[in-house]
Amino acid sequence: MFQSTAKVRVRYAETDQMGYCYYGNYAQYYEVARVESLRTLGISYKDLEAQGYLLPVSEFSIKYILPAFYDEELLVKCTIIDPPKVKIKFKYEIHNTQGDLLNFGSTTLVFVDKKTKKPVNCPKFLNNKLCHSIKIQPKKPVKNPKEDLPKKKGLPSKKRWKYSMKKYLMIYW
């Protein structure tokens with residue numbers, strides 16, 4: 001897993017009349033974090049494009065929890081969990097300076113050849129850097145969802161397992 005953090009500040013032009021950050025701005029905040037995370041690996045979008053690769057977004061999702069406000073500093077955590085192939089998936093969390101989780105989401109980008117406009121595999125130099133970063137990070141132990149089974153009698157084991165998986169997914173995505 002590769003992880004980085006970027007700081008952004010909510011500007012006045014990015015707020016609505018109530019002083020809340022407009023919901024559409026979070027996609028730009030995710031982009032800032034994504035670009036900066038690649039930059040920490042020594043890779044820039046400009047270099048990728050110069051080498052003939054484009055990275056259009058194919059999927060975007062977000063779950064809003066709390067609003068951000070004008071002039072608030074936000075910490076955008078960007079995570080790459082798996083080595084990329086034709087696609088690369090980024091996960092994000094935005095926290096305020098008090099540590100409150102404001103939202104979380106993900107984007108999936110596709111590697112596209114600049115000339116042919118067709119999907120291609122991830123460039124080897126990028127894949128090597130990401131694989132190296134992902135392998136050197138220690139893996140956190142995954143909690144077994146069957147440990148959290150409810151102690152209710154009368155529930156068939158299959159239903160208990162489905163219940164625990166829902167609970168597990170809510171905690172760990």
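This is a predicted model: local features need pLDDT of at least 70, side-chain atom pairs count only at pLDDT 80 or more; totals for chains, interfaces and linings use all residues.

Student: Which residue stands opposite valine 8 in β4?

Tutor: That's leucine 74.

Student: And how many bridges are there between β4 and β5?

Tutor: Six, again in the antiparallel sense. One of the facing pairs puts threonine 79 opposite lysine 91 of β5. The link from β4 to β5 is a hairpin of six residues.

Student: OK, packing next. How many residues are in the largest nonpolar core?

Tutor: It has 31 residues, and those with the most contacts inside it are Tyr29, Leu74, Val76, Ile88 and Ile94. The elements giving two or more residues to this core include β1, β4, β5 and β6, along with the helices α1, α2 and α3.

Student: Which element gives the most?

Tutor: α1, with six residues. As a general matter, nonpolar side chains in soluble globular proteins tend to be buried together.

Student: What does valine 76 touch, leaving aside its neighbours within four places in sequence?

Tutor: Its contacts are Ser4, Thr5, Ala6, Val8, Tyr29, Tyr30, Ala33, Tyr92, Glu93 and Ile94.

Student: Switching topic: is asparagine 96 buried or exposed?

Tutor: Buried, because its relative accessibility is 5% and the cut-off for buried is under 20%. Asparagine 96 is in strand β5.

Student: So what's around asparagine 96?

Tutor: Beyond four places in sequence, asparagine 96 touches Glu72, Glu73, Leu74 and Leu102. There's also a polar atom of the asparagine 96 side chain 3.1 Å from the backbone nitrogen of glutamine 98.

Student: And leucine 66, where is that?

Tutor: In the loop between β3 (57-64) and β4 (73-80). Leucine 66 counts as partly exposed because its relative accessibility is 41%, and that class runs between 20% and 50%. Setting aside neighbours within four places in sequence, leucine 66 is in contact with Asp100, Leu101 and Leu102.

Student: What's the C-alpha separation between leucine 66 and tyrosine 20?

Tutor: 9.9 Å, with the two residues 46 apart along the chain.

Notes
Residues are numbered from 1 along each chain as its sequence is written. Side-chain values use heavy atoms; hydrogens and water are left out. Helices (H or I, at least four residues) and strands (E, at least two) are DSSP runs, numbered from the N terminus. Buried means under 20% relative accessible area, exposed over 50%, partly exposed in between (1.4 Å probe, protein chains only). Contact means heavy atoms within 4.5 Å. A nonpolar core is a set of buried Ala, Val, Leu, Ile, Met, Phe, Trp, Tyr and Cys residues joined through side-chain atoms within 4.5 Å. Two strands pair if DSSP finds at least two bridges between them. A polar contact is a pair of N or O atoms within 3.5 Å; within protein, one must be able to donate a hydrogen and the other to accept it, and residues adjacent in sequence count only if both atoms are side-chain atoms.
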